[in-house]
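Reader: I'd like to learn how to read the packing in a model like this one. Could you walk me through it?

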Amino acid sequence: MKFISNFFLVIFSILFQLNCYKSLNQLEQNQFYVDLSQIDWENSEPINISYGWKFYWKELLDPVALQTHKSISKVPLVDFRPWTNLTTSKNEFPAQGFATYHKKIKIQISERPIHLVLYFSHLYTASKLFINGELMQEKGVVSASIEKVRPDRTNSTIDIKTNKQELDIVLQIANKDFYHGGPRSEFIISSPSKMSLFKSKSLMVEIFVFGLIFGSALYHMFFYLHNRKQKAFLYFAIVCLTFLVRIPFLNSKLYEYFFPIFSFNLQSILLHYINVITFLFSVLFLKEMFRSNQYKMIRYTFYMGALIALFTPLTPSTIQHYLNFIYLVVCLILFLFFSLFLLIKHKKEAQGLYFMAIALVSLAVFCFLAISLNYYGIQGGLYLIIGYLLYVIFQTVSLSKYFAFVIESRANIEMLLHEESILALSKQRTEMQLMVHDQLGANLTDLKVYLERNMPKPIDTSSDFLNLEYIYQKVNSIIQSLRNQLLYIEDMNLIFENFITGLHLTLLRRYSDVGREFEFSTSEKVIEYFNQTKIIGKNQSYFLNIFYMLYEVCTNDIKYGLGESVWLFDYVNGFFTINQKNMFRKPNIPSPGEIELKSIQQRLEQLNGTFDISISEVYFELKIRFPVERSLNP
């Protein structure tokens, strides 16, 4: 908890540093003419002069017209904010319309050259800016005829080089389709160096957040590609990517540095569809996290909402923004309550509960803060970016804890199943050994004793003797086969305990039974690998395939080979290699095509391996190579 509190303290201190501009004092906020001549612009923080603006509704006045303008009523002083949020003389202003904002400030005592910078952001409106009677900038097309208005939304940075003592600022604004008319809430003035620092701080935060979320998206995407069953990582990576698409359109408008400026209609439609994708994959992420097929009605609500939202860009622009806004707020509230409900419902098995809860609460607080500020015409993009950052960080920690829990649970289950299977197998083999030993062994031993007693007696015919000799040999063969089967069962038990030792003993016993010498060598890497790898659960079939394949190799060697059989077992760069070499019986030396390798080839196909045969004079050499199963890499 101490870490979390310190983390939030750092975040809020960063936010405090980012809002590093000064506001006018209470007295100056109520004045149209503000004296800032005592300011040391080179060393002072930027100043926000968003108070005390004269407001001319339904009038587009240029500096010349203002000098001769005579108003019937007193011109109101308002804040530099959308006129839809203003109330003057109990009048409310509609979003559609046009107006003029006027402000005067004194910037220096004497008339000397001075370089200052103005910075302010826009709503989706058209504007013209005049400084000391000169047109400095026009965004879109401003007109008293609504049909001729062409809006624009890019931020404005205006360099002012003058030797005058005052700045006479006139801003004309016209709105056609947007749900707010007028400017945003900040109008900042400072020296170029201070303005550059002010803008770069926000820009650095956006780049830092962008890089961190991009890294998180790549991490979870690669994790999913490595483990395709964990779809929660894929869905969360897609959610992160949707955050990345939004960030360049927020606050500093980073996309302007790399791409042509988009129209606001195109931006609005793009971000709306990004919102649809975000909510869809967020719901799928919750479904994977909690592994529950319940609450289908809630999920279907999101799906139906997304389907309907696909067609809102086809509606008239006057209501399109309202529909997109309603979809965003409703889905955000529903998603947050649904997420918190699942956390409470599954709190016993939910891992990373507190981190996920912090992520959701952080996202909710900062998203609603940003939405509220933007609705009232105040720049809230930076708060939304911080909300994305907190959500991604804490959700990543929560997801890591969840996956660690899944891995641990799966390992415990596999270990439990392995122990139970070993116990059941051991019990079954013990019972079988006892049954075979007690019944078949006793009967065969009695038969052997009987034959041994009767064979030395005088024999009337040779056929009887031959029959007895045949029976005697057959009984010996059965007893030997029984002994081999029992030893094979013991070898299988040993295989699961120590693969190399069990394989070695099995092959050694087979070669000893036919009077062949046998040399079996393993590299240190093989020994190290099997010391780190346990044969449990699903990997049993993999090692049994290896065992049966090498058993077939031994059978072929016994059938065709002669003399000492040399085996070398090695492990190099994720591949097992097995070399087996022996001599052939003379004079029948088969060609590689005559050797029966079908069963070995089938086993190798299951292992994704290959083999190669070489025969020189009377020597035969088999080289086998196959990869280690990916999930078994130590």
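Author: Start with contact, which means heavy atoms within 4.5 Å. Leaving aside neighbours within four places in sequence, Phe 335 is in contact with Phe 279, Ser 282, Leu 286, Phe 302, Leu 360 and Tyr 391. A caution: this is a predicted model, where local features need pLDDT of at least 70, side-chain atom pairs count only at pLDDT 80 or more, and totals for chains, interfaces and linings use all residues. Residues are numbered from 1 along each chain as its sequence is written, and side-chain values use heavy atoms, with hydrogens and water left out.

Reader: How many residues does the largest nonpolar core have?

Author: A nonpolar core is a set of buried Ala, Val, Leu, Ile, Met, Phe, Trp, Tyr and Cys residues joined through side-chain atoms within 4.5 Å. Buried means under 20% relative accessible area, exposed over 50%, and partly exposed in between (1.4 Å probe, protein chains only). Here the largest core has 60 residues, and Phe 335 and Tyr 391 are among those with the most contacts inside it. Helices are DSSP runs (H or I, at least four residues), numbered from the N terminus. Among the elements giving two or more residues to this core are H4 (192–226) and H10 (381–454). H10 supplies the largest share, 13 residues. A second, separate core has 40 residues, including Phe 499 and Trp 567.

Reader: And Leu 225: buried, partly exposed or exposed?

Author: Leu 225 lies in helix H4 and is partly exposed, because its relative accessible area is 38%.
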